[in-house]
Amino acid sequence: MEQQKNALVQPLPVLIGSVAQAQLNLFEPVKQSEVNRIPFEGSWTAAELIEHMVLSIGSAVEVLSGPVKVTDRAPDQYVQSVKDMFLNFDLKFKSAPSIAPATQLYDRDILIKKLRTVYNSLIYLVEVKDLTDTCLLWEFPTIGHLTRLEWAYQAVYHAQRHTEQLKNIIGHLGG
């Protein structure tokens, strides 16, 4: 039974790749003429959401590449808390200024290339870095310093949240 349970859990690089592909599968068919259109009041455009993901995943790459220390707790201690936060769609968050997209017109093809690049960088770091180390570059709000493992899962859950928002945005574009 334990072997069967483990077979259902995707390795982290595979999980990151599948989240990236889900976003790309949604965004790639959207025409350039539609990516910068506001779908409904108070919403980002599809392009702004993808730019937010580029900035966010890029920040995860930065924190995973930054200074670390040996962890003195379970390296996955906050994974469930982060998951519960980001996948609770009743909660609303305001983007941190450092990862908020600029209000501008975006080029769809450039965004697609940038999104692929940052996800590939994240996958690479997850494969080569010691994920049990605690990252010191930034603290996660309300929790504090996270391990590389927890930051990687934060990137996944944040991306999953925005994948649902991207579906909603695209659905309102009528395309």
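Me: What makes helix 4 (residues 46–65) and helix 7 (residues 148–173) roughly antiparallel?

Reply: In this predicted model, their axes come within 10 Å and cross at roughly 175 degrees. Axes are lines fitted to C-alpha atoms, for helices over the stretch in contact, with angles from 0 to 180 degrees between N-to-C directions. Angles over 145 degrees count as roughly antiparallel, and helix 4 and helix 7 are therefore roughly antiparallel to each other.

Me: Which residues make the contact of helix 4 with helix 7?

Reply: Contact means heavy atoms within 4.5 Å. Among the residues involved are Leu49, Met53 and Ile57 of helix 4, and Trp151, Ala155 and Arg148 of helix 7. By class, the contact has 14 nonpolar, 5 polar and 1 charged residues.

Me: Why is Arg148 called buried?

Reply: Buried means under 20% relative accessible area (1.4 Å probe, protein chains only). Arg148 has 5%, so Arg148 is buried. This residue, found in helix 7, touches Leu64, Gly66, Val68, Lys129, Asp130, Leu131, Asp133 and Cys135, not counting residues up to four places away in sequence.

Me: What covers the buried residues of helix 2?

Reply: The cover includes helix 3 (32–35), helix 4, helix 6 (108–128) and helix 7. Leu12, Ile16 and Phe27 are among the buried residues of helix 2.

Definitions and conventions. Residues numbered from 1 in each chain as written. Predicted model: local features only at pLDDT ≥ 70, side-chain atom pairs only at ≥ 80, totals over all residues. Heavy atoms only, no water. Helix = DSSP H or I, 4+ residues; strand = E, 2+ residues; numbered from the N terminus. Parallel < 35°, antiparallel > 145°, perpendicular 65-115°, else oblique. Nonpolar A, V, L, I, M, F, W, Y, C, P; charged D, E, K, R; others polar. Buried < 20%, exposed > 50% of the residue type's maximum accessible area, 1.4 Å probe, protein only.
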